[in-house]
Amino acid sequence: MKKIINNFYKLFPSKLYVIDNGFRFFARDYEYLFLTYYDNIENLRVLADVSNKLYYKKIYVNTFVPTVEGSLYVDVEGVNYVLFRINSSVKDCYNLNDVSKFNYSFNSYDYNLKIVPWFRVWSDKVDLLENTMADLNKEYPLLQEVFPYYIGLAENAISYCRNAIQPNENLLITINHNRVGIEDTFEYLYNPLTFTFDYDVRDIAEYIKNKFLFHSLDFAEVESLFKNHKFSKTSLILLFSRLLYPSYFFDICKLILEEEKEESVLEKLILKSDAYEELLNDIYFLIKKIYDVPKIDWLIRKFA
């Protein structure tokens, strides 16, 4: 791999360090990441443009390094790789305020983007998983036991979201991430391969879910954000619908079915289900103080 980097980038690192999805190395007083890339090559131009614009706004995300011929990727035995220069030495964990500031730092763009409403994406996901689960016999008994509960949450989320999005409504689109909050350091936040454009509250909801379920959430962060940021009513309904939607469960479900994780990983998630419902209730009443939003009757009854 050194030969590839030498020939295509003229950087000549003395040593490569193997990481999960590629290599890390130092050259010319900078740290670099040489990472595998499996998505659509056409997306690279947008990601490169976004990362450059953020960098020039003094948000020091990783920036693409083109080859000496100007390409944003190289093909190494049928696998595409991209090279990034790391521009920030921050290794700390980010918080909810950092996430929000990052999201709203990039909400003006001229890319031709079409965001599929969440309720449609979620409905397709639920249909696919229900069909998959129906084909199982006695495999994965714990997964099959808890599956109806999480499908119920998803159906609540779909209904709540569908009622929020009005035809032709001009919803705010910002820069977000695939799954913010699971990996909780700035290295993830500043990695362009995790970027995605979506409704403004995607990252905020995913951060709250994933920090609560897999790390430790300080509820004061949530209260502070609601106090200091002016959200639209639609954004807060979308936020709550995404909090209801159990993306965390479906992510794990996929890994279990692909035999990348053991079914036992669900146990910790199940133990937190009641506490997470209580968190949902608390956030609902934070939102209720700002706007008159639709109720989730079963949730309110449970904690009345």
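This is a short tour of the structure above, stop by stop, with something to select at each one.

**Before you click**

You're looking at a predicted model, where local features need pLDDT of at least 70 and side-chain atom pairs count only at pLDDT 80 or more, while totals for chains, interfaces and linings use all residues. Residues are numbered from 1 along each chain as its sequence is written, and side-chain values use heavy atoms, with hydrogens and water left out.

**Stop 1: the largest pocket**

Select Asn-178, Glu-183, Tyr-188, Leu-193 and Thr-194. Of the 40 residues lining the largest pocket, these are the closest to its centre. The pocket holds about 1500 Å³ of space. Here's how that works: on a 1 Å grid over the protein atoms alone, a pocket is an open set of points where a 1.4 Å probe fits, with protein on both sides within 12 Å along at least five of seven lines, and lining residues have an atom within 4 Å of a point. The volume is the space filled by probe spheres set on the points, which are joined across faces, edges and corners.

Now colour the elements that each supply at least two lining residues: strands S3 (30-36) and S8 (195-199), plus helices H2 (43-56), H6 (186-189), H7 (202-214), H10 (247-257) and H11 (266-271). Helices (H or I, at least four residues) and strands (E, at least two) are DSSP runs, numbered from the N terminus. Which helix gives the largest share of the lining? That's H10, with 4 residues.

Colour by residue type and the lining divides into 22 nonpolar, 8 polar and 10 charged. Nonpolar here means Ala, Val, Leu, Ile, Met, Phe, Trp, Tyr, Cys and Pro; charged means Asp, Glu, Lys and Arg; the others, Gly among them, are polar.

**Stop 2: strand S6**

Select residues 79-86. This is S6, mostly covered, with 6 of its 8 residues buried. (Buried means under 20% relative accessible area, exposed over 50%, partly exposed in between, using a 1.4 Å probe and protein chains only.)

Next, look for its partners; two strands pair if DSSP finds at least two bridges between them.

- S3 pairs with S6 in the antiparallel sense over 6 bridges; find Leu-35 and its bridge partner Val-82.
- S4 (residues 63-64) runs antiparallel to S6, joined by 2 bridges; Thr-63 partners Arg-85.
- S5 (residues 74-76) is also antiparallel to S6, with 3 bridges; Val-76 partners Val-79.

S5 and S6 form a hairpin with 2 residues between them, and Glu-77 in the turn has a positive phi of about 50°.

**Stop 3: helix H9**

Select residues 233-244. H9 has 12 residues and reaches 17 Å from its first C-alpha to its last, close to the 16 Å expected at 1.5 Å a residue.

**Stop 4: salt bridges**

The structure holds 12 salt bridges, each a side-chain nitrogen of Lys or Arg within 4 Å of a carboxyl oxygen of Asp or Glu.

- Arg-24 and Glu-187, with their closest N and O atoms 2.7 Å apart. Arg-24 is buried at 16%, whereas Glu-187 is partly exposed at 29%.
- Asp-292 and Lys-288, at 2.6 Å, N to O. Asp-292 is exposed at 56%, and Lys-288 is partly exposed at 31%.

Definitions and conventions. Expected span 1.5 Å × (residues − 1).
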